Structure formats: C-alpha cells, structure tokens
Amino acid sequence: MSILDVPTQGRTTPEDTDGASVPHVRLAIVGTGFAGLGLAIRLKAQGIEDFVLIERADDVGGTWQANTYPGCQCDVPSHLYSFSFAPNPRWTRTYSRQPEIWQYLRDLTAEHDLYPHIRFNHDLTGAAWDNDRRLWRVETSRGSWTADLLIDATGPLSYPAVPRIRGLGSFKGTMFHSAEWDHDHDLTGERVAVIGTGASAIQFVPQIAEQVGQMHVFQRTAPWIMPHTDRPTTRFERRLYRTFPFLQKAVRGAVYWMRESYAVGFIKRPSLMTGGEKIAAAHLRKQVKDPELRRKLTPRFRLGCKRVLMSNSWYPTLTRDDVELVTEGIEAIRGNTIHLADGSTREVDTIIFGTGFHVTDPPSARLVRGRDGGTLAERMQSGIQAYLGATVEGLPNYFKLIGPNTGLGHNSMVYMIESHINYVMDALRVMDEQDIAEFEVRPDVMASYNAMLQAKLPGTVWMSGCSSWYLDADGKNVTLWPDYTFRFRHRTRRFKTKAYLLRHGADVGAVAEVTA
Ligand SMILES: Cc1cc2nc3c(=O)[nH]c(=O)nc-3n(C[C@H](O)[C@H](O)[C@H](O)COP(=O)(O)OP(=O)(O)OC[C@H]3O[C@@H](n4cnc5c(N)ncnc54)[C@H](O)[C@@H]3O)c2cc1C
C-alpha cells in the first residue's frame with residue numbers, strides 16, 4: 001500500500017520548497033505496541049479516523065512483536081496485563097507467553113480495522129514542529145506526513161542496549177540481543193555466553209540450557225527472585241469467563257488491588273519489603289544447596305530496588321554442571337575469547353546479551369525537534385522529564401505515551417497506558433470544544449510537577465542504594481511513578497487547560513487554514 005493511501009480526509013499540506021504535497025493527518029502516532037494500538041482503538045470508537053500509525057517493524061505488537069526469545073512471558077497476570085476494554089477469556093496461562101500476547105494485539109488490530117491506518121517498515125527519522133504553519137512535519141524512511149498532533153508511542157523498552165566491552169567488535173562468533181533473537185542461529189552444542197541476569201535472561205537461560213553445550217552466565221548484580229505462580233488456566237475457567245464476563249472483571253480487579261497493595265512497601269515503607277526478602281531467600285535456600293553458588297546469588301540490596309523477578313527454573317539451571325555463573329567482570333574480548341578481570345578466560349561461540357534497553361536515553365528523543373528547533377534530547381540534557389509523563393515544554397501539540405516517570409515496579413503498564421490514552425482523548429475533546437489549535441505545557445507547571453516527583457522519590461525503595469536501569473547517569477530516577485497508580489489515573493482523567501499555553505483557532509490564521 002502506498003503512503004498516499006493514508007486516510008487524510010482529502011487534506012494535503014502544500015510544501016513551500018518544491019511545491020510537492022504531503023498527506024496531512026490530525027494525529028501521527030509513532031509505534032504500534034499496546035500504547036499506539038490502544039489509542040487508535042479509542043480514536044476509532046470516537047469516530048476519529050484521521051490518523052496514521054507509523055511503525056518501523058513489519059507487524060504490530062511492539063514489545064511483544066520484538067521479544068521472541070525462548071520463554072518470553074509477562075510478569076503481571078494476564079487478566080490485568082491486557083486492555084480493560086478488551087478482556088480475553090481465552091488466556092491459556094495465568095502469565096501469558098509472548099506468542100499469545102502478540103496474537104491478542106494482532107487480533108485487536110484486525111477486529112478494530114486498524115490495518116488500513118498502519119504504515120509498516122516506516123522508521124521515524126525526524127519530526128519537527130513547523131512554527132510558521134503550526135504543525136508537525138513527520139519524516140520516515142519511506143514517506144512524510146504533516147500532522148496537527150504528534151503522538152510518540154515508541155515505548156520505553158524498544159531500543160536494545162549493549163554494554164561497551166573492549167574488543168567486542170572483534171568477536172569472531174555470533175552475537176545478538178535477547179530483543180533481537182536470532183532464530184536462524186542453531187545453539188545446539190555451542191559454548192554460549194549470556195551477559196546479564198535481568199528479567200529477560202532469567203526467562204531464556206533455563207529454556208536454552210538443555211540445548212547448548214556449555215553456558216557461562218555473566219552476572220554483575222544478583223537479582224531478587226521470587227517463586228513463580230504461573231500455571232495453565234483450565235478449560236472450566238475459560239468457559240466461565242466467556243459465559244460470565246463480570247467474573248473475569250472481578251478477578252482483574254482483585255489482581256489490580258493486590259498488586260497495588262505492594263506499592264506501600266515500594267513507595268511508602270521500604271522496610272516492609274523484608275517480608276518478601278524472606279520468601280525469596282527461602283526460595284534460594286531451597287533450590288541452591290552449594291554455599292558458594294548461593295553466596296553469589298544472594299542480592300545485596302533491598303528487594304524492589306531493582307525489578308523483582310519471578311522464576312522457578314532460574315536457580316536450578318544455574319546448578320547444572322554445564323552452566324557456570326560468572327561474577328568476575330569482563331575486561332575484554334579478543335577473537336572468541338572473553339578475558340576476565342581475574343586473568344581467566346572463557347572460549348565461546350555465541351554471545352547473547354540480556355542487557356536491557358536504552359531507557360533514560362531513548363534514541364527517539366534525538367528525532368523530535370520542538371519550537372526552537374532543538375531536539376528533545378538536547379532539551380533534556382539534565383535528565384528527561386515531562387508533565388504527567390506526557391507533554392513537554394517547547395513541544396506544542398505533542399504527547400509522549402508512558403514517558404518519563406510513568407514506569408512501575410509493582411503493577412501493569414497497560415493501566416498506565418490506558419491512563420495516558422484517557423488524557424489524550426480528553427485533550428482532543430477540549431481542543432474541539434474550545435477551538436484550541438495549539439497547546440504547550442507551561443514551563444512553571446512542568447517544573448513544579450517534576451519537583452514534586454523528585455521530592456517523593458528519596459523515600460522509595462528505588463533510591464535505597466542500588467544501581468538500576470531506573471536511574472539515569474546522574475543517579476536521578478526519571479523512569480518510575482512514585483505513587484499509587486490510581487492517583488496517576490486521577491491526575492490524567494482531565495486535560496486541564498490551565499496547565500497549558502494555548503492558541504485558539506481564531507487567533508491563528510495559518511493553523512485554521514491548514515486544518516480547516
Ligand atoms: C520482555 C519484556 C517483558 C515485559 N513484561 C511486562 C509485564 O509483564 N508487565 C508490564 O507491565 N510491562 C512489561 N513490559 C514493559 C512493556 O514494554 C510495556 O508493558 C508495553 O508493552 C509498552 O508498550 P508501548 O506501546 O508503550 O511500547 P512498545 O511495545 O515498545 O512499542 C513501541 C513501538 O514503537 C516502535 N518504534 C520505536 N521507534 C520507532 C521509530 N523510530 N519509528 C517507527 N516506529 C518505532 C517499535 O517498533 C514498537 O513497535 C515488558 C517489556 C519487555 C521488553
């Protein structure tokens with residue numbers, strides 16, 4: 001399908017440079033994960049068709065399209081880790097695996113007829129606010145648009161991060177990141193190095209242990225591991241939820257409030273985490289008998305400071321004879337050899353990185369240019385921030401979905417995504433009702449909001465003294481929401497115009513001309 005097939009409702013924006021036209025849409029949404037798709041579904045439900053979804057991949061799903069590594073699974077129960085407006089009575093496990101979550105999102109895309117709006121294999125290469133015309137100029141690898149609003153739904157965990165290791169480029173074998181799993185590469189009998197022991201590694205390491213010849217798992221910090229309660233759902237349960245949807249709603253509510261109760265320990269009283277620490281320590285004692293291995297696997301920070309992980313197979317895998325846990329730092333890689341700080345070496349055929357994502361320095365921030373022509377990354381040099389995690393000073397008519405300080409350590413990100421979708425939908429309503437052509441968050445409002453967040457953070461478990469991907473290079477927490485999620489829902493319920501500098505349609509001839 002050509003980019004000119006985008007539903008533009010007949011509008012184009014005249015280009016003043018070469019006279020060519022590009023399609024104009026009301027909303028350009030970048031990303032088709034839970035956030036981009038969820039917003040698109042709500043737009044269509046409101047009868048709004050004038051939008052395009054720009055996606056660099058060749059399918060929808062975002063996180064759940066990209067992360068196809070063996071054992072990939074959500075760690076929030078599926079009844080909650082799904083849209084409230086699209087419950088799925090067919091989940092086959094309590095914590096669904098990647099193929100099922102991906103299929104859920106593809107089914108929703110088809111059911112809500114979103115495919116005609118999506119432009120796959122379109123990589124956003126730049127988006128700049130045009131001050132004269134008062135619209136966004138959106139450039140992709142395969143076409144351009146102009147838009148009244150730019151919605152950045154590129155996700156917090158969508159740019160894989162690989163650590164800087166001396167000589168990595170000289171590695172002679174195969175290497176890939178867990179979010180870009182090389183399914184064409186056969187690991188059978190190989191000597192494999194896994195770097196990282198975070199949420200992804202603890203899922204894929206047990207899955208490949210049987211297949212590989214020898215595995216070396218490189219750990220910088222031992223994570224806390226809780227017993228997993230995942231189980232298959234029964235046919236009876238599934239029939240029950242299909243027949244009585246209110247029962248599934250009730251379970252979702254119960255899971256939500258149980259998870260929300262954890263926030264007390266995470267946010268208000270980290271000392272309460274000792275209860276969880278006892279459960280995790282007993283789990284380790286039960287599964288690892290070797291005192292030396294157990295010592296290496298014992299975390300030295302408060303439970304919750306880094307993401308809490310769940311697995312019943314991680315520890316048993318590390319006790320296998322053909323699996324080695326390496327806690328010595330990597331000095332360099334030469335040829336197929338990994339050199340460690342203690343002078344020892346490991347010969348490997350393949351390196352798999354389970355090293356997470358660019359969270360506090362998202363590359364997409366370098367692509368978005370605001371009113372003064374500077375990029376979002378330049379604007380955020382002293383740490384990324386936004387108002388309500390969504391709007392940014394100097395970027396008119398822009399929303400970031402699940403942007404800075406909206407992440408969670410205890411509950412479902414889909415809940416936060418839905419809160420942001422509510423906020424965007426209310427903004428559209430208010431813009432229509434009050435004939436608002438342009439909005440931009442007031443600098444003082446954004447500053448006081450972020451000061452409020454930073455004032456709340458010191459008492460939380462995340463600031464209790466560990467290094468984690470929640471913190472930026474300066475040790476500032478720019479990723480997590482330091483309060484109850486229902487408070488975030490409440491704050492994002494209404495688009496309150498007093499937080500914004502506004503231009504009304506009647507005041508701006510140029511805008512009226514373009515959008516009329
Ligand atoms: C392995 C894994 C497991 C997780 N499990 C959980 C869980 O159990 N519970 C939970 O709450 N959260 C979990 N998360 C967090 C998860 O990322 C969010 O829950 C949610 O999926 C984010 O959705 P999103 O739409 O914001 O972003 P994404 O799903 O990341 O989607 C972003 C989309 O933007 C596209 N994109 C990015 N840059 C560009 C560009 N330049 N041009 C065009 N398109 C672009 C990407 O291709 C992608 O499709 C997990 C994350 C990972 C990686």
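This is a predicted model: local features need pLDDT of at least 70, side-chain atom pairs count only at pLDDT 80 or more; totals for chains, interfaces and linings use all residues.
**Figure 1. The shell of residues around the ligand.** Helix H1 (34–45), helix H2 (63–66) and helix H11 (413–433) are the elements that each give two or more residues to this shell. There are 34 residues around the ligand, and those that come nearest are Glu-55, Thr-63, Asp-75, Tyr-81 and Tyr-159. Sorted by class, the shell holds 18 nonpolar residues, 12 polar residues and four charged residues.

**Figure 2. The open sheet of five strands.** The strands follow the order S8-S17-S9-S10-S13, and their pairing is parallel. The edges of the sheet are formed by strand S8 (174–177) and strand S13 (323–326). Each of these two has a single partner strand, so one side of each is left without a neighbour in the sheet. From one strand to the next, the twist averages 15°.

**Figure 3. Pairing of strands S9 and S10 within the sheet.** Strand S9 covers residues 191–195, and strand S10 covers residues 214–218. Five bridges join the two strands in the parallel sense. Opposite Ala-193 stands His-216 of S10.

**Figure 4. The hairpin of strands S14 and S15.** Strand S14 (residues 330–334) and strand S15 (residues 337–340) run antiparallel and are joined by four bridges. Ala-332 has His-339 of S15 opposite. Two residues lie between the strands of this hairpin, and Gly-335 takes a positive phi near 60°.

**Figure 5. The hairpin of strands S15 and S16.** Strand S15 also pairs with strand S16 (residues 345–347), in the antiparallel sense and over three bridges. Ile-338 has Arg-346 in S16 as its bridge partner. This hairpin has four residues between its strands, and the phi of Gly-343 is positive, near 90°.

Notes:
Residues are numbered from 1 along each chain as its sequence is written. Side-chain values use heavy atoms; hydrogens and water are left out. Two strands pair if DSSP finds at least two bridges between them. Axes are lines fitted to C-alpha atoms, for helices over the stretch in contact, and angles run from 0 to 180 degrees between N-to-C directions. A residue is near a molecule or strand if one of its heavy atoms lies within 4 Å of it. Ala, Val, Leu, Ile, Met, Phe, Trp, Tyr, Cys and Pro count as nonpolar, Asp, Glu, Lys and Arg as charged, and the others, Gly among them, as polar.
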